Amino acid sequence: MTSLDQGVWQHFGFRSNPLDPRPLSVSHQDRELMVGRDQENRKFAALSSNDHGVIIVEGNIGVGKTSFVNAAQYDLSKRGFLPSHQTIEVRENMEPSNLVLSALSNLVYSLELAKGRDANMKDLSLREGKQLVANTVKGGWGGQLSILGTGGGVQRQETIEQAPTIIINTALQKLDKWIERAKEKFSYRAGIVVINNLDRLLDQELVELLNRARDVALLRPNILWTLIGKVGTFTTIEGQARRVSEIITGQPILLNPLSLEKIHEAIHVRVNKFAARKEARFPLESRFIDLLYEVSQGEIRFIFKRLTDIVYEVVAELPSVDMIPSDLAFKVLTKLAEQRLSQLPLTESDKRMLQNMAQHPFRIKDYKEFKLSSQQALLNRVRRLQKMELLQSERRDAKMVIYRTVADVNIVFRKDK
Ligand SMILES: Nc1ncnc2c1ncn2[C@@H]1O[C@H](COP(=O)(O)OP(=O)(O)OP(=O)(O)O)[C@@H](O)[C@H]1O
Ligand SMILES: [Mg+2]
C-alpha cells in the first residue's frame with residue numbers, strides 16, 4: 001500500500017500527498033501551510049490574555065476548525081502558553097472527571113514534547129501528575145481509555161483500583177499542582193486544553209456536560225479551555241446553560257468557509273512545499289477545484305479529500321496520466337458520492353426527501369414543502385439523516401436552525417449538475 005501511495009505522488013513530482021486532508025498539527029511546519037484566518041487568529045490571541053476560562057470556536061464540518069485552533073496554539077506557544085498536541089474528543093455520556101484526566105494527560109504529554117522526555121521526572125508534583133495519568137490509563141478507570149489520548153508518553157504502571165469520587169478529588173489537586181509547578185519551572189503562563197467535536201452531541205447533551213463540567217473542569221486556574229463546535233454552539237449555551245455562558249471569554253470565534261481564492265492559495269502553498277521536482281503540478285485543473293468548492297460550499301476538507309481520492313482512483317486505471325481531465329474527474333467524483341450513499345440504509349422515501357433538501361437550505365417550519373404532515377415528522381427525518389452525516393445544521397439564533405445537505409448529497413441529487 002504505502003509504496004504504491006508514495007509512487008503515486010512521486011509520479012507527479014511530490015515527496016508525499018500535498019493535500020493530506022488531516023488537520024494541521026501544532027508545529028512550525030504545519031503553521032506554514034495555514035492560509036487566511038488572520039483576523040480570527042488575532043481575536044484568539046486577544047481572548048487568550050485571560051490566561052484561563054473558555055474560548056469557543058465555531059464552524060461547519062470540515063471548514064478548518066481543528067487546524068485553526070492548532071495554528072493559534074502554535075502562536076500562543078511562542079508567547080508562553082503550553083499547547084495541547086492532542087484534542088479531547090467528546091462522546092455521549094462523558095463525565096466531567098474524564099475531562100479533568102484527559103486535560104492532565106494531554107498537558108503531561110505536551111510538556112514532554114516541548115521540554116524533553118524526562119521533563120516530568122525532575123519534580124515531585126510533575127511526577128505525581130504523570131503517575132496519576134499512567135495509573136488511571138492502566139486501570140481503565142471509567143472504562144474510557146481512548147479519551148485519555150494515545151500520546152500520554154507514559155510507561156504503564158501497576159494498576160491501582162480507586163473509587164471515582166476519590167480519584168476526581170485527587171485528580172483535581174494533582175492537576176492544579178502539576179500546572180502550578182510547570183508554570184514555575186518552565187515559565188509558562190497557562191496550559192491550553194482543547195475539547196473537539198462538540199457537534200457530535202445533541203444540544204441537550206452538550207448543555208448537560210458543560211453544566212456539570214463548569215466547576216470541576218472549566219473553572220480550573222491556569223487552564224485556557226478551547227471548545228470546538230458547530231455554528232451556534234455559543235447561542236445554545238447562552239440560551240440553555242446560563243451559568244456556563246458566564247465563564248466564556250468574549251464572543252465565539254466564527255470560522256466561515258475560506259474564500260475560493262484562499263483555497264487556491266492553500267493548494268498552491270502545499271504544491272510548492274511538497275514538490276520534489278521544480279515542475280511538480282497537482283494533476284487536476286483549477287476549474288475542477290472551483291466545482292468542488294461550489295458543491296461543498298467551501299468545505300476545505302472535502303475538497304482536499306476528494307482531490308486526493310480522485311488521483312488514486314484515476315492513477316489505478318491510467319498509471320501514466322499526467323493531467324486528469326475535468327470530465328473524467330467529475331465522473332469519479334459522482335461515483336464516489338454514489339458509493340458512499342449506497343452503503344447507507346436509505347429508503348426510497350429518504351432519497352426523495354434528500355432530493356428536495358439538496359435544492360436549498362431549509363428549516364423545520366418548511367415541513368409542507370416536503371409533503372410531510374407536521375414539524376415533528378420532518379424533525380424525525382432530519383435526525384435520521386443527520387445520524388448518517390448527510391445533513392448539517394447551523395443555529396442562527398435562539399429560535400432558528402438551518403439545515404443543509406452535505407457535498408456528496410448535492411453531487412448525487414442536485415438538479416442543476
Ligand atoms: N486555513 C487553512 N489553510 C490551509 N489549510 C487548511 C486551513 N484550514 C484547514 N485546512 C486543511 O483542511 C483540512 C481540514 O481541516 P480540519 O480538519 O482542521 O477541519 P475541521 O473543521 O476541524 O473538520 P471537522 O469538522 O471534521 O472537525 C486539513 O487538511 C487542513 O490541513
Ligand atoms: Mg476538526
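This is a predicted model: local features need pLDDT of at least 70, side-chain atom pairs count only at pLDDT 80 or more; totals for chains, interfaces and linings use all residues.
Two residues are in contact here if their C-beta atoms, placed from the backbone, lie within 7 Å. With that cut-off, L260, I263, H264 and I267 in α11 meet S286, I289, D290 and Y293 in α12.

Helix α11 covers residues 260-274, and its axis runs 11 Å from the axis of α12. The packing angle is about 125 degrees. Angles of 65 to 115 degrees count as roughly perpendicular and those over 145 as roughly antiparallel, and α11 and α12 are therefore oblique to each other. Their crossing is right-handed. By class, the contact of α11 with α12 holds five nonpolar residues, two polar ones and one charged.

Next, the other partner of α12. Helices α12 and α13 have axes 9 Å apart and pack at an angle of about 135 degrees. That angle makes α12 oblique to α13 as well. This crossing, too, is right-handed. On the α12 side we have I289, L292, Y293 and S296, and they meet F302, I303 and R306 in α13. Five of the residues in this contact are nonpolar, one is polar and one is charged. Note that I289 and Y293 are listed for α12 in the contact with α13, and both are also listed in the contact with α11.

Now the domains. The protein is divided into domain 1 (2-12 + 260-342), domain 2 (37-255) and domain 3 (348-413). Between domain 1 and domain 3, the C-alpha centres lie 29 Å apart. How many residues of domain 1 are in contact with domain 3? There are 10, and they touch five residues of domain 3. On the domain 1 side, the elements giving two or more residues are α12 (286-296) and α14 (326-342). Of these, α14 supplies the largest share, six residues. That side of domain 1 comprises five nonpolar, two polar and three charged residues.

On to the ligand. Which domains give residues to the shell around ligand 1? Domain 1 and domain 2 both do, so ligand 1 lies between them. There are 24 residues around ligand 1, and P23, G64, T66, S67 and R301 come nearest. Two elements, α4 (65-77) and α13 (300-317), each give two or more residues to the shell. As for the make-up of the shell, 12 of its residues are nonpolar, seven are polar and five are charged.

From α3 the contact takes E40, N41, F44 and A45, and from α4 it takes F68, A71, A72, D75 and L76. Six residues of this contact are nonpolar, one is polar and two are charged.

Helices α4 and α13 both contribute to the shell around ligand 1, which lies between domain 1 and domain 2.

Methods
Residues are numbered from 1 along each chain as its sequence is written. Chains are lettered from A and ligands numbered from 1 in the order in which they are written. A residue is near a molecule or strand if its C-beta atom, placed from the backbone, lies within 6 Å of it. Helices (H or I, at least four residues) and strands (E, at least two) are DSSP runs, numbered from the N terminus. Ala, Val, Leu, Ile, Met, Phe, Trp, Tyr, Cys and Pro count as nonpolar, Asp, Glu, Lys and Arg as charged, and the others, Gly among them, as polar. Domain bounds come from an automatic or database domain assignment. Axes are lines fitted to C-alpha atoms, for helices over the stretch in contact, and angles run from 0 to 180 degrees between N-to-C directions. Angles under 35 degrees count as roughly parallel, over 145 as roughly antiparallel, 65 to 115 as roughly perpendicular and the rest as oblique. A crossing is left-handed if the near helix is turned anticlockwise from the far one by less than a right angle, and right-handed if clockwise.
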